There are 2 protein chains.
Amino acid sequence: MFRRVYLDNAATTPVDNRVLEALLPYLTEKFGNASSIHYYGQEARSAVDRARHETSLLIGARPNEIVFTSGGTESDNLAIRGVVEGNRRHGSHIVTTAIEHPAVAGACARLEEAGCDVTRVGVGSDGRVVPEQVMSAVREDTVLVSVMTANNEIGSLQPVADIGRAVKELRDAGNKIWFHTDAVQAVGKIAVDVDELDIDLLSMSGHKIYAPKGVGALFVRKGVRLASQNLGGHQERGRRGGTENVALIAALGTACRLASKEIDANADHILRLRDRFEVGVRKLIPEIAIHGFDSERLPNISNISFRGVEGEGVLINLDMSGIAVSTGSACSSGSIEPSPVIVALGVDDDLARGAVRFSFGKYNTDADVDYLLGVLPAAVENLRKLSPRFRTAPGS
Amino acid sequence: MFRRVYLDNAATTPVDNRVLEALLPYLTEKFGNASSIHYYGQEARSAVDRARHETSLLIGARPNEIVFTSGGTESDNLAIRGVVEGNRRHGSHIVTTAIEHPAVAGACARLEEAGCDVTRVGVGSDGRVVPEQVMSAVREDTVLVSVMTANNEIGSLQPVADIGRAVKELRDAGNKIWFHTDAVQAVGKIAVDVDELDIDLLSMSGHKIYAPKGVGALFVRKGVRLASQNLGGHQERGRRGGTENVALIAALGTACRLASKEIDANADHILRLRDRFEVGVRKLIPEIAIHGFDSERLPNISNISFRGVEGEGVLINLDMSGIAVSTGSACSSGSIEPSPVIVALGVDDDLARGAVRFSFGKYNTDADVDYLLGVLPAAVENLRKLSPRFRTAPGS
């Protein structure tokens, strides 16, 4: 029987009802501008202050180290362009990885056009960078190291603690160098503490953790010099101009508070569903590769290549059965090239083209997994029958 | 009897119930990422497409000339930095005015730091620039003229049609020069048509027209080369990366559709309230100046200086009586200097310090005006009694 199963939680998540309740008053009676001095303004201001506190707690920061933004992409741009433009006199070299989100990659590429140097460190077949390789790319004029906490396509966890410590040691020795991490996929799924991990700047997004799209935050450690990008009013202590998005900021704060409290229970639930799915899919479908299967990765992402088929074919077939998944990331959809992240793993082209991301969320159930396992094998088999690239291996 | 009267509609407006209804489905069941290919993504995509159409209609543009942003400040930054950075080879001189919003002023100042030249044209006592003065500041290397449609503090309308025509003539003659207008305060209050006014880029904001804070749009005329500022995914045809803020974009679209339909009725209602207020206040309170009283201005703003008192004192007194007004703009609140806009009018310092902005909205009523006129005279009189600066004029 047809049912709708949403397995694209790494692209975006449904809004938690408790988050919706928290934001609604700021779309109705409490509509003030948080920069206004009067009663209506104070109501809005106190919501923003509370959200700042809640957001900081989730990542072990202090409230005044949180800058609210319009989302993960703006956070990444503000971090990277902000640090580099704000510290020009110290150098203009950036070390990053080959598997960053387009927001980080795009901001770095723009700075490159403007004359900065960028070194992109590759990953192993496990989808992880080696900390020593990252640090050996650091030069005298490196001002920023940007390495994501967890990859958005395959979920591989990066060694941010090691990199953070190494960058901090350099800074303690007098180098002007800072460590940024795009933690958009990691925050709320695994414990992330900016002090334990020696992170100087951290990007996060509301809509990956059951708040609406259109709000995010950037953690900026006290003392980091940042050139603001959205110039305007004095909002966010001059680090991000523009009228505060009060309702969605309240939503982000609430989502962070809920994540702090429920992160373990959610991770357990989601991991159990994903494991059930992966055990089932390995049993039911031959010639597949689960990327990063043996390595440290997020609990919610399962990125699988089905040999001989196009990932997009699988996506469309599943969609007709009510199941929502993705190929690559939503931010690069529409591209006909295989995902650069999967290619960076050293996977052969045929396998790379067959990659599909299944991403689980707290609202998924065992019945969702059962339905998926009931639909997926036939979908892949039918596509393979039509594929000139797929020849059944002898004996299978 | 105490009542709450909101007269700070130029800072932000309440959300229209019909706008709220239009956005809510995108915070609940229709939560997809508009860049996803599947069912959930298509639902979101169609909401964004519809909103793009509705938004374009309000200003006489074509849908693909609309870029959704996080608000007016981002729109201003994208327009100004985008045009200048995208057209470096044609020059780096900007002509703007002395009374722009901090978002325009801030973006220009940042470009100035980066080596661009900026000419700021002053205004007369009516708060308006003279088109000939603006155009005589244009040089061979001018790439952008940025003049607001209506001032945010006193509501004075700028001669954008004349400036737009003159810039277009220069471009038709082969100059690489474009015209941007910050129309955040004007859109939805007066008719603004980008073709009639020969506007190349126009900034607008949702929360000034009864949509929520956190969403805006930039009109970019087809053919204008723009360096995007939020680098990332291919959203908004590569002009603005980042997951689309689907719910608030739907809200903006609906707000634009309602504004198109109701602009005349709203303007009539608001103008009638403001006129009643201004007639009353002139009768009841001596030694005041209504800025731009005799000149073309928005229907909703009344900016009045009360000689001998601080605007902030009036604001706080009125707030205690439940009335919300502002001094300067919300974006520059907290500043102890008199508003640069009021100073630019050539008003003496004492009068400049006593400026208060009353801004009316469609939900205000005659009873609101009556209440205000009941409270304001005593508030000003009491403040003047305490003021060392105020001496009652002989005979009054």
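In chain A of this predicted model, the side chains of D366(A) and R272(A) meet in a salt bridge with an N to O distance of 3.1 Å, a salt bridge being defined as a side-chain nitrogen of Lys or Arg within 4 Å of a carboxyl oxygen of Asp or Glu. The pair links distant parts of the chain, D366(A) lying in helix α11 (residues 366-386) and R272(A) in helix α7, 94 residues apart; helices (H or I, at least four residues) and strands (E, at least two) are DSSP runs numbered from the N terminus. D366(A) is partly exposed, with a relative accessible area of 27%, and R272(A) is likewise classed as partly exposed, at 40%, where buried means under 20% relative accessible area, exposed over 50% and partly exposed in between (1.4 Å probe, protein chains only).

Residues are numbered from 1 along each chain as its sequence is written, and chains are lettered from A and ligands numbered from 1 in the order in which they are written. Because the model is predicted, local features need pLDDT of at least 70 and side-chain atom pairs count only at pLDDT 80 or more, whereas totals for chains, interfaces and linings use all residues; side-chain values use heavy atoms, with hydrogens and water left out.

Over all chains, the salt-bridge count comes to 65. One of these in chain A joins R221(A) to D200(A), with the closest N and O atoms 3.6 Å apart, and both residues are buried. In chain B, D195(B) forms a salt bridge with R221(B) at 3.0 Å between the closest N and O atoms. This pair connects the loop between β6 and β7, which holds D195(B), with the loop between β8 and α7 (246-284), which holds R221(B), across 26 residues of sequence; D195(B) is partly exposed at 34% relative accessibility. In chain A, salt bridges that share partners join R62(A), E65(A), R171(A), D195(A), D200(A) and R221(A) into one network.

D200(B), in the loop between β6 (178-182) and β7 of chain B, is buried, with a relative accessible area of 1%. The side chain of D200(B) reaches the backbone nitrogen of F179(B) at 2.8 Å. Apart from residues up to four places away in sequence, D200(B) touches V167(B), R171(B), I177(B), W178(B), F179(B), F219(B), V220(B), R221(B) and V224(B), contact being defined by heavy atoms within 4.5 Å. I209(B), located in the loop between β7 (201-205) and β8 (216-220), is also buried, at 5% relative accessibility. Beyond its neighbours within four places in sequence, the contacts of I209(B) include T13(B), V187(B), L252(B) and C256(B).

Chain A is divided into domain 1 (5-12 + 263-391) and domain 2 (17-259), with bounds that come from an automatic or database domain assignment. The C-alpha centres of these two domains lie 28 Å apart, and 28 residues of domain 1 are in contact with 30 residues of domain 2. About 2500 Å² is buried between the domains, 55% of it on carbon and sulfur atoms, buried area being the accessible area (1.4 Å probe) that two parts lose on being put together, summed over both. I263(A), L298(A) and V341(A) supply 25% of the area that domain 1 buries against domain 2, more than any other three residues. One salt bridge is found across this interface.

Between the chains, 64 residues of chain B are in contact with 64 residues of chain A, and the area buried is about 5100 Å², of which carbon and sulfur atoms give 60%. In chain B, L27(B), F31(B) and L231(B) lose the most area to chain A, together 13% of what that side buries. The interface has two salt bridges, and E85(A) forms a salt bridge with R110(B), with the closest N and O atoms 3.8 Å apart. By class, the side of chain B that touches chain A has 26 nonpolar, 27 polar and eleven charged residues, where Ala, Val, Leu, Ile, Met, Phe, Trp, Tyr, Cys and Pro count as nonpolar, Asp, Glu, Lys and Arg as charged, and the others, Gly among them, as polar.

Notes: A polar contact is a pair of N or O atoms within 3.5 Å; within protein, one must be able to donate a hydrogen and the other to accept it, and residues adjacent in sequence count only if both atoms are side-chain atoms.
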